[in-house]
Amino acid sequence: MEIEAKFVVDAATLAALADLRALGPYELAATPHAEVQRNTYFDTADRRLSALRCGLRVRLVGERRVATLKRGGQVRDGVHERGEWEVELDAGDAPEQWPPSEARDQTLAVTGGAELLPVVLVRTTRRHLYASLQGRRVAELSLDEGAIEAGARALPFRELEIELLAGGDRADLDALIALLHEHFPLQPEDRSKLARGLELLGGSTGEKPVSPDPMTPTFLADEPPASRPTLPALALGLFDRTADAHRLSGSARRLAQLAATFYEAALHAGAEQPARSARDAALAAPIDGLSPNEQAVVAAATALMRERPRPSREPSLLRLPSGARRQALRLGALLRVASALQVGSTAAVHHGELTTVTLAWRDTEAARLVETRADLWRRAIGGLVVRQTPDGERLSELAPDDAPLSLEMTEVPDGLRGDEGVAEGARRVLRRFFERMLAREEEVRGGEEPEDVHQMRVSTRRLRASLQVTEGVFDAKVIREHRRGLQRVAQALGEVRDRDVFLGSLLAHQERLPEEERPIIEPLLAAVRVERGPARERLVATLGSKRYRRIKRAFAAFLTTPGADIGPLPETGVPPRVRDLAGSAIWRRYEQLRAFESIVGDTPDERLHVARIAGKRLRYALEFFADAIGPRVDEALAPLADLQEALGALQDAVVARAHVRALGLEQDPGAQGYLAALEETGARQGAELPRIWERATGESYRRLLAEIIVDI
């Protein structure tokens with residue numbers, strides 16, 4: 001947590017402060033030289049950092065570069081309190097290139113991986129004073145002089161910053177402020193330098209334009225925010241001017257306006273992943289006047305606003321027939337280019353042999369963004385040329401006069417809330433689980449990485465378990481059909497996964513052998529590799545089959561049709577909320593697991609395998625309700641993960657024995673040595689099992705679950 005005070009000062013005060021060496025009981029020590037800084041502030045093209053009240057800065061001092069993320073907090077009378085994360089950089093400015101750190105993780109979380117663009121440049125000459133009290137350094141006083149530059153404007157500043165250090169507390173800060181006020185004229189500054197830079201972009205400071213720094217691309221030019229067209233207006237203008245290119249019907253115009261409105265609403269709400277949140281908002285409830293497929297087109301167009309659109313992974317696209325899918329792709333392409341145009345101040349769009357977007361010379365960032373986001377346009381619509389000229393028409397002239405939609409937006413959270421209806425909340429969670437499965441499917445088809453098979457299999461199991469959790473919410477027959485389809489996929493994945501696990505275990509065993517003994521395991525390894533090949537071929541054939549495509553499309557339709565396949569109301573006659581279902585769903589699965597406690601430590605292997613499945617079901621139920629539960633879900637999941645690992649090790653030995661028998665290698669020396677090693681490991685796991693079991697089912701765990709359920 002950064003705590004600092006900011007004050008505007010004049011030149012005389014700044015000079016006097018530089019010579020100060022004591023302030024009441026505080027000693028002041030000055031650094032020998034001033035520090036010259038170049039601070040570049042970044043944001044995404046859709047301004048999500050600004051919407052989330054975040055500031056991201058890369059500071060260059062000499063050859064040292066430091067990235068700083070500041071987030072949230074509060075300000076009063078010039079005192080700023082906010083979260084702060086820093087990391088020293090040794091590569092590029094993109095967070096993906098930063099060293100592993102909390103700063104990197106936090107930045108990727110708030111940007112969602114979106115590309116970062118420079119928006120404000122702050123040049124600062126800084127002199128440091130360190131305040132100490134009774135030998136402990138309590139605060140850093142920074143005497144700053146420089147200019148904030150944004151677009152074609154610059155704003156000079158002189159400022160005093162007082163930042164608390166680890167050796168100080170709030171009483172020290174208050175005392176220093178009071179002492180300074182006694183001797184110097186200080187004006188509290190509640191705005192950060194970034195906030196002042198963003199005001200410059202809107203033209204609200206009244207400062208005269210200056211020549212921009214050639215190293216700082218113009219992000220927004222001089223059209224005031226109040227007059228700049230909204231994304232829906234730009235999307236409609238682009239729709240109208242390129243009708244000969246996209247060849248969409250007039251009815252698609254309303255779908256474009258709806259999709260842009262949902263996306264803009266997600267941005268204004270500060271969604272961490274606006275494309276996904278807009279998609280979920282579009283699917284939160286039936287939309288009057290739209291068919292289910294038309295609503296899915298709107299949702300798909302917003303989903304395609306992701307930084308890297310992946311149509312094959314999007315459930316709302318997957319459900320559509322080919323004609324509607326083409327429509328969604330073209331609308332998504334329109335939205336992507338329209339959002340890039342927002343970054344500029346002028347734009348002319350016309351369609352001749354090629355669609356051409358013309359921007360002013362100074363709108364270099366808009367031109368670059370249009371080019372970056374033209375990929376989908378070129379695939380779904382056709383050619384697009386971006387060029388720049390000395391001038392152009394203002395964005396407001398591109399937008400038509402349509403009245404904005406008066407759409408009552410329902411806020412859609414990123415995860416489940418305890419007080420929301422369970423049906424559409426569950427559908428939203430299931431969609432995200434399904435997307436994970438589809439993402440892994442691409443990797444399984446295209447590569448041989450065992451982890452991809454493993455994660456896709458986990459995704460199918462999680463989906464099937466989650467569908468079980470919603471028992472009674474949706475039509476039972478429909479749920480059975482979807483679970484059956486997913487089970488077929490899981491079986492094909494399981495054939496490959498079981499052999500991958502066996503191979504991994506064999507290779508680990510081989511590594512533990514003395515080098516001269518390692519060849520003894522080769523016959524068993526060769527036999528497993530031979531049978532994995534056909535299993536892999538069957539899996540690829542399954543994923544390429546018409547049956548699998550039907551399974552995916554039917555499931556996608558279920559997940560993207562709000563209000564569909566709802567089961568009968570409970571006895572109360574009231575649609576259940578998340579908190580009305582979560583407690584019973586979690587507790588019932590806990591009781592099913594705990595039922596095995598009387599036989600733990602003295603039970604056949606097959607019963608322990610059933611116990612492991614019961615533990616997985618409880619784990620998946622907790623993961624399903626994780627957002628409604630909150631941070632304590634990790635406390636509940638950790639013991640179950642340990643139990644699953646322990647029971648899994650015991651089951652691996654059972655499976656390995658059966659596998660060796662099926663291969664006819666019981667007498668093979670390498671196989672016998674491997675099985676003996678597994679038995680030894682299993683004996684150790686068996687001795688530890690009662691302790692692990694108690695952590696996952698005992699009184700403390702039971703109390704934890706009860707508290708979690710009460711808090712939902």
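Is Asp642 buried, partly exposed or exposed, and what is its relative accessibility? At 32% relative accessibility, Asp642 counts as partly exposed, where buried means under 20% relative accessible area, exposed means over 50%, and partly exposed lies in between (1.4 Å probe, protein chains only).

The views below show a predicted model, in which local features need pLDDT of at least 70 and side-chain atom pairs count only at pLDDT 80 or more, while totals for chains, interfaces and linings use all residues. Residues are numbered from 1 along each chain as its sequence is written, and side-chain values use heavy atoms, with hydrogens and water left out.

**View A. A salt bridge joins Asp642 and Arg695.** The closest N and O atoms of Asp642 and Arg695 are 2.9 Å apart, a salt bridge being a side-chain nitrogen of Lys or Arg within 4 Å of a carboxyl oxygen of Asp or Glu. This pair links distant parts of the chain, with Asp642 in helix H24 (residues 633-663) and Arg695 in helix H25, 53 residues apart; helices (H or I, at least four residues) and strands (E, at least two) are DSSP runs, numbered from the N terminus. Arg695 is partly exposed, with a relative accessible area of 40%.

**View B. Arg64 and Glu88 meet through their side chains in a salt bridge.** The N to O distance is 3.2 Å, and the pair connects distant parts of the chain, Arg64 lying in strand S6 (residues 64-76) and Glu88 in strand S7 (residues 79-89), 24 residues apart. Arg64 is partly exposed at 48%, and Glu88 is partly exposed at 44% relative accessibility. A search of the whole structure finds 57 salt bridges.

View C. Arg619 is partly exposed, with a relative accessible area of 23%.

**View D. Phe502 and Tyr674 form a tilted aromatic pair.** Rings of Phe, Tyr and Trp (its six-membered ring) pair if their centres lie within 6.5 Å, and planes under 30 degrees apart count as stacked, over 60 as edge-to-face and the rest as tilted; by this rule the count comes to seven aromatic pairs. The rings of Phe502 and Tyr674 are 5.8 Å apart, centre to centre, with 45° between the planes. Phe502 belongs to helix H18 (residues 476-512) and Tyr674 to helix H25 (residues 669-697), 172 residues apart. Phe502 counts as buried at 5% relative accessibility, and Tyr674 counts as buried at 3%.

View E. Trp587 counts as partly exposed at 24% relative accessibility, whereas Tyr590 counts as buried at 0%.

**View F. The charged end of Arg427 sits over the ring of Phe558.** The distance to the ring centre is 5.1 Å, and a charge sits over a ring if NZ of Lys or CZ of Arg is within 6 Å of the ring centre and within 35 degrees of the ring normal. Ring pairs link Phe558 with Phe434, Phe474 and Phe555 into a cluster.
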